Amino acid sequence: MSDALHAEVERRAPLQRLAWALLWLALAALSLHFLLAVHGQYRHLDPEHYTMYWSRRGWLWLHITGGVLGIVLGPLQFLTRWPRAWPWLHRWFGRCYISGMLLACAAAVGLISTSPAPAPITTAFAGTALAWLMTALVAMISIRRGKVARHRRWMTRAYLVTLAPVVFRLLLPAWIASGRAPSPDAIALLLWSSWVVPLLLHGVLSSAWTRWRGRAPSMAAPAG
């Protein structure tokens, strides 16, 4: 590595670490807010707080349990140092994450099949569960085949889908605050947007990040 290239990498490293730290702090704050809101809503075991989920609270709690496992364990899988030091722990966290995902998706089937909600909402809910299942399974298959980079990309996508309920809880109040009614079609749109938009943004930002990193060698290359 040339001195100019090494200096460029050293200059960018603190900015990269700061960006990642701010990102994960923001995700942690949003996730904590979501978990506290869910706990506040459903810790009271009565029909008033559970509304349409009262008769299906068993499915609901299974779904919440699996989702909480995903939300809590997901960020730990993205740390770069400890998985190398304790790979067995990384693998077990990954297995717990996948188990939580499967539990939540199985409970989602129970919730969807018994839901009185209109078809657009149940379809969007099913699409979210399917996206979560597919992204996590592709990540799992990739690591079993030794494709580490592909595994990381798909785990990132799986975690973005995991955060769909968190994003939805931000989108819905914003939609209502804008003066628009939360119709079934609007709720379905927000459900789709809660994971489709983050995945699209991830794709765009990943491409931009790759191009930005690739500029360092070209900037350091001697003119010829």
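Student: To how many disulfides does the count come in this chain?

Tutor: The model is predicted, with local features needing pLDDT of at least 70 and side-chain atom pairs counting only at pLDDT 80 or more, while totals for chains, interfaces and linings use all residues. Residues are numbered from 1 along each chain as its sequence is written, and side-chain values rest on heavy atoms, with hydrogens and water left out. A disulfide is a pair of cysteine sulfur atoms within 2.5 Å, and by this rule the count comes to zero.

Student: Is Cys 105 buried or exposed?

Tutor: The classes are set by relative accessible area, with buried meaning under 20%, exposed over 50% and partly exposed in between, for a 1.4 Å probe and protein chains only. Cys 96, at 32% relative accessibility, therefore counts as partly exposed. Cys 105 has a relative accessible area of 10%, so its class is buried.

Student: What is the pattern of the chain, read along the sequence?

Tutor: Helices (H or I, at least four residues) and strands (E, at least two) are DSSP runs numbered from the N terminus. On that basis the chain holds nine helices and zero strands. Read along the sequence, its pattern is α-α-α-α-α-α-α-α-α.

Student: Which helices are included in what covers the buried residues of H5?

Tutor: Helix H5 runs over residues 87-113, and its 27 residues reach 39 Å from the first C-alpha to the last, close to the 39 Å expected at 1.5 Å a residue, where the expected span is 1.5 Å times one less than the number of residues. Its buried residues include Gly 94, Ile 98, Met 101, Cys 105 and Ala 108. An α-helix has 3.6 residues a turn, so residues three or four places apart point the same way. Among what covers the buried residues of H5 are helices H3 (57-76), H6 (119-144) and H7 (148-162).

Student: Which residue follows H6 with a positive phi?

Tutor: The 26 residues of H6 reach 37 Å from first C-alpha to last, close to the 38 Å expected at 1.5 Å a residue. Within H6 lies Met 134, which at 43% relative accessibility counts as partly exposed and is 8.1 Å from Ala 158, C-alpha to C-alpha, at a separation of 24 residues in sequence. After the helix comes a residue whose phi is positive, near 80°, and that residue is Gly 146.

Student: How far apart are the C-alpha atoms of Pro 75 and Tyr 159?

Tutor: Pro 75 lies in helix H3 and, at 24% relative accessibility, counts as partly exposed. Leaving aside neighbours within four places in sequence, Pro 75 is in contact with Trp 24, Gly 70 and Tyr 159. Pro 75 and Tyr 159 are 84 residues apart along the chain, and their C-alpha atoms are separated by 8.1 Å.

Student: What is the phi of Thr 51 near?

Tutor: Thr 51 is placed in the loop between helix H2 (47-50) and H3, and at 51% relative accessibility it counts as exposed. Its phi is positive in a residue other than glycine, with a value near 45°.

Student: About what area does the nonpolar surface patch with Leu 22 have?

Tutor: Leu 22 is found in helix H1, residues 3-42, and its relative accessible area of 52% makes it exposed. Accessible areas come from the Shrake-Rupley method with a 1.4 Å probe, and for residues only the protein chains shown count as cover. The patch made by Leu 18, Leu 22 and Leu 25 has an area of about 320 Å².

Note on methods:
Contact = heavy atoms within 4.5 Å. Patch = residues over 30% accessible without salt bridge, like charges linked within 9 Å, V, L, I, M, F, W, Y side chains within 5 Å. Salt bridge = Lys/Arg side-chain N within 4 Å of Asp/Glu carboxyl O.
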